[in-house]
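The following exercises are to be worked through with the sequence and the structure at hand. Each task is followed by a solution in steps.

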Amino acid sequence: MNDPHEIPTLVVEDLCTSFATERGPLQAVDGVSFTLRRGRTLGVVGESGSGKSATARSIMNLLPPGTSATTGRVLLDGRDVRSLSRAESRHVWGVEAAMVFQNPMTSLNPVIPVGRQIGEGLRYHRKLSRAAAGRRARELLEQVGIADPERRLAEYPHQLSGGMRQRVMIAVALACDPKLLIADEPTTALDVTVQKQILDLLDRLRQQRRMAMVLITHDLSVVAGRTDDVIVMYAGRVVEQAPTRQLFSAMRHPYTQALFESIPKVTQPSHTRLRIIQGRPPDLAALGPGCAFAPRCAHAQPRCCRETPPLSGSEGADARHACFYPAGTTVGEAALAANRAAGRTAAGLALAAGAAAGADVA
Amino acid sequence: MAGVGTAQLRPSDEVLLQVTDLYVEHSAGRRRTVRAVSGVSFDVACGETLGLVGESGCGKSSTARAVLQLPRPTSGTVTLDGTDLTTLRGEELRRVRSSLQMIFQDPLASLNPRRRVADIVREGLDIWPDHRCLDADDGGTPAPAADRVRAVLDSVGMDLDEIGGRRPHEFSGGQAQRICIARALMLDPQVLICDEPVSALDVSIQAQILNLLEDLKGLYGLTMLFIAHDLAVVKSVSDRVCVMYLGRICEIGPTEAIFDRPAHPYTDALLASVPQIDAGPAVAGDVLTGDPPSPFDAPTGCRFRTRCPRATERCAEQVPELSEVSAGRFVACHFPLTDEPAHPADDDAAVGHSTTPTSP
Ligand SMILES: Nc1ncnc2c1ncn2[C@@H]1O[C@H](COP(=O)(O)OP(=O)(O)OP(=O)(O)O)[C@@H](O)[C@H]1O
Ligand SMILES: Nc1ncnc2c1ncn2[C@@H]1O[C@H](COP(=O)(O)OP(=O)(O)O)[C@@H](O)[C@H]1O
Ligand code: SF4
Ligand code: SF4
Ligand SMILES: [Mg+2]
Ligand SMILES: [Mg+2]
């Protein structure tokens, strides 16, 4: 299956990105590292503002140079792409590594027919003739499942439905046969039936082309069925990282667990009480010391308010988490029990004494 | 979708809100009209939550606004507690409207940025000064406005002293939605209409608001029309569910029954598309192909037929009417998915959906 000696398609090492804002520096990405091999899919989940898109844009070199600063290493097929010259990197971004964005309407050009938008990269990077690029664009539209591609080539984005626009975006991204595809919430604006079509399409194309894929989503259930590995982000950091099956069978980070339990599921009876995560995500421009999840965490102890937990796991294990008192461990359950008995956590969050996991005080 | 008909309506003295044969048309420029809602009928009993679900553009919001007479529907009736709102004018309508309140998808956009939270929540009382706000427990004595504001904010988990003087932009989406809910509750509405109230919120905040709505339903005895495109969200709060497609109702009935055993092919496809955490790897295929047809050019007969795997020629010719398939469950389909294996081909030659003419 996977040759461990094969050079991974993407290696990200200690990626950090901060933005200059009115209120001072905002650390949107803080020490993200992962490895992604050919043909595999990595899911990135987290709530709004957790740094998913900032991570993707940092990898893809798409951030505004003036107001953002990125450090860390990004290796594409073993090549350090952050140290390439401008001329060299021109044929990397959008060619070897391509991206599908959250909102196809703002990332497609409204005044250019879709056929030309798909063919543009081929003409520039692959030096195809206009006619050849047109033929290839037609094939690509067919591959992404657009009926009557000949007619659609000449149409403008606004003439297409949301699902079709997203397919066109995918065709644009795939035009130059990338090794890596980063899909940032590719289906968030779409209806479930269309969402399924698009996710199936991405799956199929990844398999056919043996691409490596990063699938960014706020929806844990999308990640569950369609990725090999998952990273969970909170406040710019990776708080849990594991092979997908392992993550869903044992969630260690209290945030991952709470997030999972707060989602209504079609398999639950109606009127099932949902687990609540108190409070809201932190302001990244005003992060204090300690674990960023501490104010909302039912496990929090004094140590959590002082020290930032590193992302770590047991020797040789694939799964890692950034937590001093992980769920499902002796220390973690003891911390939770002590907080319940006290009625509050070290960070001051009120808890119902002796309550079951699903019933933190509202 | 599918169908028309009123077989699903319960006797009018058993329900609080009844909508009959609702049509809503919007003008769409160049003298064209979109028919957003075509012959929709449903009712909601006192204390019940009816969930309205369907893909974007199927007419959920148009239905909700027509219930509020904002604007008045093209035709059909909307009866609240025995009064047909579509016949009311001016002051009479204004008065009745206070007992129907609505909350929206984008909470920040529906709050006046220049006003303070305390004033925003009080607003309804200023507009309807004669409105008798009854306390939930001692049904009768009107509470002084300030106490009422405090109590209502308290019930949505916010403290008047802490936030009363602040303005909307200082709040997160979840907090702003709480303020909207508080404002809606000020006038003790009989019916609360929620149009995608959690769609713009983060998952962790969504759970807070859903639990809150469930609590308030108990506390204030609210009747709710709850709209969402997320099936799991709709299921979690609804007693009954109404599934819409392209302006018509596909099926309506008790929540559990519909989710356990969808009878309309569209409901079945919707449910099959929902990614599920515990279901293992996603299975490719076997759901709907294509996009919903344009509302300008709705298919004849059953509007779902261009995407329906069970469609036959009959579906192109005859609009299916809602009819009862089991106690309280109504489905608008010529070949519903019932317990017995269905044989649409017995009726006439089955036409695969791939060969059915598709509208653009
Ligand atoms: N160009 C920018 N300038 C300043 N701050 C930014 C910029 N882009 C992102 N941020 C901030 O960085 C943090 C992470 O943002 P990011 O867009 O990565 O979140 P996300 O996880 O993709 O969220 P969503 O689910 O809403 O897409 C946020 O606090 C955001 O406000
Ligand atoms: N004000 C309006 N003017 C023109 N068309 C509208 C207007 N509001 C809604 N529509 C159209 O009516 C149909 C139903 O819309 P809507 O009720 O908003 O659906 P939903 O809430 O289910 O997404 C759609 O085709 C939509 O484009
Ligand atoms: S237990 Fe401590 S370290 Fe772990 S998530 Fe909670 S606050 Fe953070
Ligand atoms: S079987 Fe016919 S009537 Fe029933 S949903 Fe399909 S197309 Fe409509
Ligand atoms: Mg994003
Ligand atoms: Mg709507």
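**Exercise 1. Determine the strand order of the seven-stranded open sheet in chain A, and state which strands lie at its edges.**

Solution. Two strands are taken to pair if DSSP finds at least two bridges between them. Helices (H or I, at least four residues) and strands (E, at least two) are DSSP runs, numbered from the N terminus.

Step 1. β6 (97-100) and β11 (320-321) of chain A each pair on one side only, and are the edge strands.
Step 2. β6(A) is joined to β7 (residues 180-184) of chain A by four bridges in the parallel sense. In one of these strands, β7(A), A:Ile182 is the bridge partner of A:Met99.

The model is predicted: local features need pLDDT of at least 70 and side-chain atom pairs count only at pLDDT 80 or more, whereas totals for chains, interfaces and linings use all residues. Residues are numbered from 1 along each chain as its sequence is written, while chains are lettered from A and ligands numbered from 1 in the order in which they are written.

**Exercise 2. Describe the side of chain B that touches chain A.**

Solution. Two residues are in contact if their C-beta atoms, placed from the backbone, lie within 7 Å.

Step 1. Under this criterion, 42 residues of chain B are in contact with 41 residues of chain A.
Step 2. At least two residues of this side of chain B come from each of α7 (203-220), α8 (231-237), α9 (255-260) and α10 (265-273) of chain B. The most, eight residues, are given by α7(B).
Step 3. Sorted by class, this side has 20 nonpolar, 15 polar and seven charged residues. Here Ala, Val, Leu, Ile, Met, Phe, Trp, Tyr, Cys and Pro count as nonpolar, Asp, Glu, Lys and Arg as charged, and the others, Gly among them, as polar.

**Exercise 3. Identify the residues that surround ligand 1 and those around ligand 2.**

Solution. A residue is near a molecule if its C-beta atom, placed from the backbone, lies within 6 Å of it.

Step 1. Ligand 1 is surrounded by 16 residues, of which A:Phe19, A:Ala28, A:Ser48, A:Ser53 and A:Ala54 are the closest. Two or more residues of this shell come from each of β1 (10-21), β2 (24-36) and α1 (52-59) of chain A. The largest share, three residues, belongs to α1(A).
Step 2. The shell around ligand 1 divides into six nonpolar, nine polar and one charged residues.
Step 3. Around ligand 2 there are 13 residues, and B:His26, B:Ala36, B:Lys60, B:Ser61 and B:Ser62 come nearest. In this shell, α1(B) gives the most, with three residues. Its classes are five nonpolar, seven polar and one charged.
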